[in-house]
Amino acid sequence: MIGEINFDGLVGPSHNYAGLSPGNLAASLNAGSVSHPRAAALEGIAKMRANLALGLTQGLFLPHRRPDRAWLTSLATDPAGAAPWLRAAALSASPMWAANAATVSPAADTKDGRCHLSVANLMTMPHRSHEWPETLAQLRLAFADPAFAVHGPVPPPFGDEGAANHMRLAPGHNAAGVEIFVHGVAGGGFPVRQHAEAGRVVARAHGLDPARTLHVVQSEAAIAAGAFHNDVVAVADGLTLFAHEQAFGDPAGFYAELRRMLPEVAIVEVPASAVPLGDAIRSYLFNAQLVTLPEGGQALILPAEARETPTVWAWLEAMVAGNGPIRRLELVDVRQSMANGGGPACLRLRVVADPARVDPRFLVDEAKLDRIARVVEAHWPDSIAPDQLGDPALWTRIEKARAALLDLLELRELI
Ligand code: SUG
């Protein structure tokens with residue numbers, strides 16, 4: 001049966017804080033800190049378990065080869081010879097943020113009735129620009145069934161960061177929806193990571209109906225305040241759009257178009273007077289997973305930091321006490337990922353599909369998560385200090401840890 005599957009990126013054994021993403025305030029603030037890869041992966045697994053407990057279908061993407069020796073070879077260097085920043089870029093565990101893996105259009109929205117996925121090129125940040133070949137390999141395995149069409153990346157120079165800048169609103173998983181592509185124009189001194197043309201390329205490739213597709217501008221104030229992706233200030237599910245007042249460049253124009261295309265839409269807008277943009281970004285209020293529960297009604301799966309931010313928590317408590325569509329709050333602890341600017345929604349890619357059409361090696365249940373957790377406990381480093389990134393013993397450990405996971409999941413072809 002067609003439903004929403006959340007594919008979480010498992011935090012890889014090389015997880016570290018190298019501060020590689022200018023404009024991502026958490027990552028910059030924590031640059032140079034000691035990371036805890038094992039704890040990070042276990043936090044992610046606990047989040048997946050919490051999703052399963054809500055009755056949601058859960059999938060998994062795997063950590064990539066790190067250090068990425070092939071990428072360094074293409075740059076005429078290797079892990080031992082590369083400059084420290086380049087070596088860090090080859091060691092980043094950034095594929096954990098699966099919202100940046102691809103953009104997904106469910107079958108109900110596309111011309112040929114297949115579910116289309118376009119791998120994101122992530123070309124703006126060097127440490128993320130080499131993710132797409134392996135992401136594409138995983139997508140081609142997981143979604144090999146003819147119910148899916150998997151596309152390569154949008155070519156340069158059009159930066160594309162995937163589902164983090166894409167939202168879908170629809171009355172149901174099987175009903176045609178409205179797809180919204182959000183791009184930046186100016187970033188107030190920070191890089192604009194999503195190019196306007198990238199969304200148009202993806203919309204054409206997926207065969208979307210232009211009458212049900214919107215291309216909207218992210219506000220410069222949001223990017224300048226640290227919303228390097230739109231999913232830091234807005235999220236959508238079903239017929240609900242949940243967004244900060246300062247998320248979009250022209251909110252009134254956007255909302256009017258959206259209401260024209262989808263009159264039933266519920267727009268839950270949080271005013272800056274109640275939650276200042278800085279608090280929204282620090283707490284990752286909008287980087288929640290907004291989900292429709294099997295029993296009906298919507299829930300927000302929030303980072304624990306939302307509860308620790310008084311304006312945010314007060315607003316949320318008032319919201320669930322009211323009559324709106326979002327009635328339930330669930331808190332998850334993903335602090336290791338949050339410290340690099342990745343909240344609950346960054347860690348997952350939503351795919352609306354029949355799970356029976358997905359390669360089962362990429363789907364998880366409690367028992368499989370138990371087995372994965374055991375591999376993590378046995379092989380993931382407890383901590384990585386910045387000066388360890390140059391240590392060949394660490395590279396070997398990371399490579400062995402990933403190999404143990406691929407063995408467990410019978411995914412050796414990704415080695
Ligand atoms: O691209 N952090 C990621 C966080 C991505 C969050 N994803 C979404 N919002 N969907 C990024 O900025 C930091 C890694 C480092 O500095 O080592 C980093 O890449």
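This report describes the ligand site and the cysteines of a predicted model.

## Basis

Residues are numbered from 1 along each chain as its sequence is written. In this predicted model, local features need pLDDT of at least 70 and side-chain atom pairs count only at pLDDT 80 or more, while totals for chains, interfaces and linings use all residues; side-chain values use heavy atoms, without hydrogens and water.

Around the ligand stand 20 residues, each with a heavy atom within 4 Å of it. Leu20, His127, Arg193, Asp231 and Cys346 come nearest. The shell comprises eight nonpolar, nine polar and three charged residues.

## Polar contacts and cover

Polar contacts are pairs of N or O atoms within 3.5 Å. A backbone N or O atom of Leu20 is 2.6 Å from a ligand oxygen atom, and a polar side-chain atom of Arg128 lies 2.8 Å from an oxygen atom of the ligand. At Asn340, a backbone N or O atom lies 3.0 Å from a ligand nitrogen atom. The protein covers 100% of the 480 Å² of accessible area (Shrake-Rupley method, 1.4 Å probe) that the ligand has on its own.

## Cysteines

The whole structure contains zero disulfides, defined as pairs of cysteine sulfur atoms within 2.5 Å.

Technical notes: A polar contact is a pair of N or O atoms within 3.5 Å; within protein, one must be able to donate a hydrogen and the other to accept it, and residues adjacent in sequence count only if both atoms are side-chain atoms. Ala, Val, Leu, Ile, Met, Phe, Trp, Tyr, Cys and Pro count as nonpolar, Asp, Glu, Lys and Arg as charged, and the others, Gly among them, as polar.
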